[in-house]
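Hi there,

Here is the structure I promised to hand over. Have a look at it first, and then read my notes below.

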Amino acid sequence: MSKRYYASRRAQQLRAKVIVSIILFSGSIILIMPLWWMISTSLKSMEEIMQYPPTFYPHKVYWRNYVEAWNAAPFTRYTFNTLIICFFSVVGSVLSNSFVGYGFAKIRFRGRETLMNVVLSTMIIPGFVTLIPTYVLFSKLGWVNTYLPLTVPSFFGSTFFIFMFRQFYMTIPNELVEAAMIDGANHFYIWFKLMLPLVKPVLATVAIFSFNGAWNDLLGPLLYINDEMKYTLQIGLQNFRGLVQTQWHYLMAASTLVLLPVLILFFAFQRYFIEGMNLTAGTKG
Amino acid sequence: MGYVFILPWIIGFISFVLGPLLFSLYGSFTNYNITSRMEFVGFDNYIRMFTRDPLFWKSLYNTAYYVVFMVPLTTVGAIVLSVLLNQKVPCTRVYRTIYYMPSVLSGVAVYMLWMQLLNPQSGLVNTALRLIGIEGPAWLFDPAWTKPAIIFMKMWSVGGGMLLYLANLQSIPTQLYESAELDGANAWHRFRFITLPMITPVIFFDVVTSLIGGFQIFQEGYVMSQNGDGGPMHSLLFYNLHMWNKAFEVFDMGYAMGMAWILFIIVMILTALNMKFSKHWVYYEGGDGR
C-alpha cells in the first residue's frame, strides 16, 4: 500500500503546487498592471489616450511628455524642497529614536515599564486629535510657512521607531554594556560607539521609512506651507492635477517621476523594508 | 541617567501629545478661530454636532462604511496571500517582492494613478472588465461606487500586511504540520487547527492597527474628491475631511476639536472591545490562557 500511497500523495502535492503557482502568477500580473498602465499612459499622445477602446501599450512613444510635464510646474524646485525636508526628517528620526530606544532598553530607571507603556499607548491617539492644537502651537511660534513644523518633531522620537529600536537593543546582551561600563565608558559613549554600529540594520530601516514618510507627506505641507516656492512634490503634484485636469499623459508622467525614487529605494534596500516588517511582527506576546 | 536618554521623547510627548490633548479637550468646549480668544460655550459644539450637522453623521457613516469593509478584506487578503507565499513553489522570492511593492507606494501620485485606472472610459479597470464582457461602473463619479473604489485601491497594497503574517508563519515549527499530516489531517485541517491559532496574535495586532488607521482616513478623500468637498453627494467626505474643512476652511476650531475627541473616544472604545474579546480567540504560546 505504502508505495501507492506515497505516489498518490506526491501527485497530490504536485497538483497543489501547480495551482498555487498559477494563482500567484496571475495575482502578480494583476498587481503590476496598474504600474504598467501608468507608464504606458505617460508615454502616449493625447490622441491615443482619447482613443476608444484604450490601448494597452503606446503605439508611438512620446518621451517628451516627461520633459513637458516636468517643466509645466516648478517640479525641480519642489524636488529640492522635498529633499531638504527628507534629509532633516531622516537625521532627526535616526538620532532621536536610537537614543531614546537605548534608554528604554538598556538603562534601568524607576517607571521605565510604565513610561514604555505610555509610549505604546500613544499609538491609539488619532493624528487629528493633536493636529489642530499642534497647528495652533506652531503658528503662535511663527513657524507657519517654514519647514520647522515638518522637521523638528522628528527630533523628538516617534512611537513606532522607538519601539523598533528597543526590540533590537534587547537582543544585544547586557554583559556588553556592563563590560564597557567597567572599562569606564559612560552611556553616551556606549550608545554612540558601541551600539550604533550594532544596530545598523535598524538605522537603515528607520532611515528608509522616515524618508518614505517625508517624501509622501501631503498633510503637513498642505497645512504649513503657503508660499509656492516652498511647496513640496506632493503639494506640487496635487496642484498640478488641477492645472492639467484631463491631460492624463502629463499627470501619469509626473506621477511616475514622483514614484520612481521610492521604487528605486525599494529595490535597492528591499531587505530593510522587510526587516522593518519583521521587527513589527515581533510585537506578539 | 535613563531619564536623560528618554528626555527627547518626554519633551516630544508633552509638547506634541499631552499638551495638544489637553488643549483640544478644553478647546472643544469653546468657540475659537485661532485669532479669537477662547470663549467657553459648554457642550454647545457637541450638541451642534449631534443635532444640527447632517454632514457629521454622513462623514461618520462614510468612515464606518470604509472601516467595516476595509479591515476584514485586507486582513483576510493578507492572510490568504501569506499562506500562498509560504508554499514551496518556484520564484516565491520574486512573488514576495512583487506583492509587497505596491504597499511602499503612497501619496498623491498613487491617488492620481488610481484616478486614471478607475476612469470610466480610458481606465484600466473598466477596460479589463470590458474584456470579460462587463460594463464597469463610473467609480469615482458615482456616489454608490466611490467608497468601493477606495477600498479596491487599498487592496492593491495588501502586501504590507502579508509580510507581517509571513514572518510569523515561518516561525511555526514544521514538526507540528508533519505530525498532523501523519494523523491524517488535510490541508484545510492543518490551516484551521495549526496555522490559524498560531497567527492569532498577529491577526489581533493587524486588526487593531488597521482599525485605528482606518478611522483616520483623510488623504484619499481629500485628493480623490477634487478639492476636498467630498465628491459626489459627499460620498467621500470622511470624518477627518469634514473635521479638516471645519478647522481650516471655516476656522470653526472649537467644533473641529470636539469632533476630534468624539473620534478619539470611538477609537478608544473599539480598541478596548478588541482587547476584551481578544482573550477568547487570541492564542499565546506558553501563555496562561490554556
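Contact here means heavy atoms within 4.5 Å. This is a predicted model, in which local features need pLDDT of at least 70 and side-chain atom pairs count only at pLDDT 80 or more, while totals for chains, interfaces and linings use all residues. Residues are numbered from 1 along each chain, chains are lettered from A in the order in which they are written, and side-chain values use heavy atoms, without hydrogens and water.

Let's start with B:Ser24, in helix 1 of chain B (a helix is a DSSP run of H or I of at least four residues, and a strand one of E of at least two, numbered from the N terminus). Leaving out neighbours within four places in sequence, B:Ser24 is in contact with A:Val129, A:Pro133, B:Met257 and B:Trp261. B:Ser24 is buried, at 0% relative accessibility (buried means under 20% relative accessible area, exposed over 50%, partly exposed in between, with a 1.4 Å probe and protein chains only).

Next, helix 2 of chain B, residues 44–52, has B:Asn45, B:Tyr46 and B:Met49 as its buried residues. They lie on the same side of the helix because they cover an arc of only 100 degrees around the axis (the arc of the directions from the helix axis to the C-beta atoms). The face turned away from that buried side carries the exposed B:Thr51 and B:Arg52. Helix 1, strand 1, helix 3 and helix 13 of chain B are among what covers the buried residues.

Finally, A:Val206 sits in helix 11 of chain A and is buried, with a relative accessible area of 0%.

Happy exploring!
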